[in-house]
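Thanks for coming. I'll take the surface first, then the salt bridges, then the pocket.

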Amino acid sequence: MNWDKELNLQQIDETLGRVRPMMDLNKPVNGWINAIRTALGMSARVLGERVGLSQSGVALMEKNEVTGSISLRTLEKAAEGLGCRVVYVLVPENQSLAAMREKQAMDKARTLNQYAERHMELEDQATDMQFQNANTKKLAEEYLRTWPRDFWDNL
């Protein structure tokens with residue numbers, strides 16, 4: 001058993017669980033930099049002075065945030081000038097990391113089992129569905145237990 005990997009996955013899942021409620025938070029139309037700067041009543045000139053940019057540089061930075069072309073370094077610089085902090089996190093779309101891993105194990109096991117079954121059918125040695133399901137489940141459990149190097153590779 002890979003206890004360190006299991007523990008790491010569990011700890012990250014717990015952390016992401018605290019962030020998950022924020023996933024529905026929509027970015028303001030003009031971006032966070034502009035929204036916070038405007039809410040504070042701070043001009044682009046003042047923010048520029050705080051971060052070492054011209055007023056037009058701040059406008060470009062805000063535009064780049066809206067278009068998605070801003071770098072994390074620039075975003076952090078803007079946040080610092082606004083007295084804020086950038087919170088950067090990747091959150092699984094639909095489920096936990098553990099659930100993603102379990103799904104991959106089942107998909108991989110199912111694919112391998114179907115491949116074997118096709119060849120067995122050609123030799124008129126097909127097994128029944130109950131055996132196939134049990135075998136798939138056992139193989140998935142083995143994948144989860146051993147964390148093979150090719151776990152995320154496509155078959």
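Met22, Leu25 and Trp32 make a nonpolar surface patch of about 330 Å². A patch here takes residues with over 30% relative accessible area and no salt bridge; nonpolar side chains (Val, Leu, Ile, Met, Phe, Trp, Tyr) are joined within 5 Å, and like charges within 9 Å. The areas come from the Shrake-Rupley method with a 1.4 Å probe, and for residues only the protein chains shown count as cover.

Before going on, the caveats. This is a predicted model, so local features need pLDDT of at least 70 and side-chain atom pairs count only at pLDDT 80 or more, while totals for chains, interfaces and linings use all residues. Residues are numbered from 1 along each chain as its sequence is written, and side-chain values use heavy atoms, with hydrogens and water left out.

Back to Met22, which sits in the loop between helix H1 (3-19) and H2. Helices are DSSP runs of H or I, at least four residues, and strands are runs of E, at least two, numbered from the N terminus. Is Met22 buried or exposed? Met22 has a relative accessible area of 51%, so it is exposed. The cut-offs are under 20% for buried and over 50% for exposed, with partly exposed in between (1.4 Å probe, protein chains only).

Next, the salt bridges. The structure holds six of them, each defined as a side-chain nitrogen of Lys or Arg within 4 Å of a carboxyl oxygen of Asp or Glu.

One of them joins the side chains of Arg101 and Glu6, at 3.5 Å, N to O. This pair links distant parts of the chain: Arg101 is in helix H6 (residues 97-122) and Glu6 in helix H1, 95 residues apart. Arg101 counts as buried because its relative accessibility is 6%. Glu6, at 22%, counts as partly exposed.

Two other pairs each lie within a helix. Glu49 and Arg45 form a salt bridge with the closest N and O atoms 2.7 Å apart. Both are in helix H3 (residues 44-51), four residues apart, about one turn of the helix. Glu49 is exposed at 56% relative accessibility, and Arg45 is partly exposed at 44%.

In the second pair, Arg145 bridges to Glu142, with 2.8 Å between the closest N and O atoms. They are three residues apart in helix H7 (residues 129-146), so about one helical turn separates them. Arg145 is partly exposed, at 40%, as is Glu142, at 35%.

There is also a network of salt bridges linking Lys103, Asp107 and Arg110.

Last, the pocket. Rolling a probe the size of a water molecule over the atoms shows where empty space is left. On a 1 Å grid over the protein atoms alone, using a 1.4 Å probe, a pocket is an open set of points with protein on both sides within 12 Å along at least five of seven lines, and lining residues have an atom within 4 Å of a point. The volume is the space filled by probe spheres set on the points.

The largest pocket has about 900 Å³ of space. It is lined by 25 residues, and the closest to its centre are Trp32, Leu75, Val86, Val87 and Tyr88. Which helix supplies the largest share of the lining? That is H5, with four residues. Helix H2 (31-40) and helix H5 (72-81) each supply at least two.

By class, the lining has 20 nonpolar, two polar and three charged residues. Nonpolar covers Ala, Val, Leu, Ile, Met, Phe, Trp, Tyr, Cys and Pro; charged covers Asp, Glu, Lys and Arg; the others, Gly among them, are polar.
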